[in-house]
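Trainee: I have a structure open and would like to learn how to read it. Could you walk me through a few features?

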Amino acid sequence: MAAAAFGQLNLEEPTPVWGSRSVDCFEKLEQIGEGTYGQVYMAKEIKTGEIVALKKIRMDNEREGFPITAIREIKILKKLHHENVIQLREIVTSPGRDRDDQGRPDNNKYKGGIYMVFEYMDHDLTGLADRPGLRFTVPQIKCYMKQLLTGLHYCHVNQVLHRDIKGSNLLIDNEGNLKLADFGLARSYSNDHTGNLTNRVITLWYRPPELLLGATKYGPAIDMWSVGCIFAELLHAKPILPGKNEHEQLNKIFELCGSPDENIWPGVSKMPWYNNFKPARPLKRRVREFFRHFDRHALELLEKMLVLDPSQRISAKDALDAEYFWTDPLPCDPKSLPTYESSHEFQTKKKRQQQRQNEEAAKRQKLQHPQQQHSRLPPLQHSGQSHAAPHWPAGPNHPTNNAPPQVPAGPSHHFYGKPRGPPGPNRYPPSGNQSGGYNQSRGGYSSGSYPQQGRGAPYVAGPRGPSGGAYGVGPPNYTQGGQYGGSGGSGRGQNPMGSSRNQQYGWQQ
Amino acid sequence: MLTAAGDDEPDPIVGPELPTEATPPRVLTIISHVMEKLVARNEWLAKQIKGFGKSLEAFYGVRAPSISIAKYLERIYKYTKCSPACFVVGYVYIDRLAHKYPGSLVVSLNVHRLLVTCVMIASKMLDDVHYNNEFYARVGGVSNADLNKMELELLFLLDFRVTVSYRAFESYCFHLEKEMLKNGDVSSLKNNQPMQESLSLASTLSSLYV
């Protein structure tokens, strides 16, 4: 810190050198996440009172050393600064038991662990969407989608592929801001797509056809497929492509988007796994048919996202210019969104367990004393208990690119057996428009709209285990693709058009 | 202990394949040459200023290993089969350290440990398939725990700046070539490698680069 002149206070706060501060600068309030690879805490910075999320990087595995996932996440987050990208504030260390008396920065200063300090976010999109009784309004969906696309556009301009876009990695605070999180699988890419990248990325349900067909050269379009899946999921009120394994995933994609051929996707027949997976008979594209209940502009945009050929898929920037975001009802201001009670899965899981036990006890009791039915506890969808927060990955450690695909780990990572199907009203607007027909036809109001599969995507082969998790605890997931490549040039790819719409993107002036 | 890592046939190292007899890539020769020069200069400098600086403390061995830098790099290359580009990137890390902590010198007591740590991190960043720290520790002749400590130390010293842009990578390659030629060192030409090829280091290695 610069010395203050005599008689004056130097109130200037220097940015702490990363790794120079101890975790003791924070008071852990409670654990909000737990995974095989580490814990996430909600904590308060003692000096400022600010609430943050502390993600501990576990280093128990001596043989592997510092997890490569963490190295990647740190270096990528260091260069990304955007209101729709989670902010890594600093890294703190815990001296652990080997600290010498003076707390001298000796060789053991990292012994106790390394923590990444993030801004605190209250929810994630999946958790919020699954909140029983909660329905997103159309302007709200537009608002989230717009923020998602803006954040992703920023990443892509900075030549970073996220490679794990899904609801549980989209964090939302109580001011309605949405931020991309968990960059553990992210990597830099170069524009010419010459890289030889691993295709074992992205949670299965959100994984694009080119990766499933074995592409190792790919670009930002992979993230846009995931965005399309999320968009449809928000409007449709459930995951649209819940495959159980890679083969089934591709089949589901083809059933929805038609079977690929050289006409609609030049080069597809040369894809590594095309011959193993091509559909037995030609299938028609049925996106419009499946989602006919969406409003016109929503459907139009979705059609451009769920394009099989990655080179024809809409970019984040063009998607932001879609009519959808510029027609009534317009995206709302994040600040106008309702706030929701903050809760995190780690806590709510306990509450749910308790509640389930109570409920079961009540059932048993009911069997014995049917007349006591009224004494049952409120059903699980009682508000306030449901929020799902980030869930923490528990993937295979250190897979290599050659690792065989893993069998998806069960239907749900997110809710741990939480019963589906709240009797309450649907969470989402009945459709993207005012028609409302769809969910009702599915019995939405009476029997709930949750899919059997449950929400958390199945995990998927590859580097990433069941992952997720907003703050993404995990190193487990890392793939080992090379890292290099354009290191960023922000400002590149600026929107050349000077229309007023561009100003909406905020960051790129 | 580093000193235990002999320069002839190695102690039992479990590798998936036997090392091949192929000549090591030129980049190893160039980098070891450049590092040797740097160490020689710094040793002299350290005597003048009577100290090495503090930042690189974690990398100090008790005494300088007997294995030469060239042999040490060859050994790393031979057993870990990391891509040659890792050596350039590892060199970039050392260069970044040297600029960031000008008072801390790369000398014979720390150069080996610095190299193995840098190359390992580079390989983690660059190679799809790479060996873990335990393996690197055995190849490098240091303990697993020490290597982990040095890895962390290095990451923090670099402030996690472990990305090397393609452009930077390329200019380092040219810089390395130039160093080699400037010194009138002809070893790069010994293996019947014409000048033209020697200048194409960047393009040869860059294919490994995404």
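Trainee: Which residue does UniProt list for "binding site"?

Mentor: The unreviewed UniProt entry lists K55(A). UniProt positions follow the numbering used here, feature names are shortened, and annotations may be inferred rather than shown by experiment. This is a predicted model, where local features need pLDDT of at least 70, side-chain atom pairs count only at pLDDT 80 or more, and totals for chains, interfaces and linings use all residues. Residues are numbered from 1 along each chain as its sequence is written, with chains lettered from A and ligands numbered from 1 in the order in which they are written.

Trainee: Is K55(A) buried or exposed?

Mentor: Count other C-beta atoms, placed from the backbone, within 10 Å: 20 or more means buried, 12 or fewer exposed, in between partly exposed. K55(A) is buried because 31 other C-beta atoms lie within 10 Å. K55(A) sits in strand β4 (residues 51–57) of chain A.

Trainee: How do α3(B) and α4(B) pack?

Mentor: Axes are lines fitted to C-alpha atoms over the stretch in contact, and angles run from 0 to 180 degrees between N-to-C directions. Helix α3 (residues 85–100) of chain B meets α4(B) at about 120°, with the axes 8 Å apart. Under 35 degrees is roughly parallel, over 145 roughly antiparallel, 65 to 115 roughly perpendicular and the rest oblique, so α3(B) and α4(B) are oblique to each other.

Trainee: Where does M125(B) lie?

Mentor: M125(B) is in helix α4 (residues 111–126) of chain B. M125(B) is buried, with 24 other C-beta atoms within 10 Å.

Definitions and conventions:
Helices (H or I, at least four residues) and strands (E, at least two) are DSSP runs, numbered from the N terminus.
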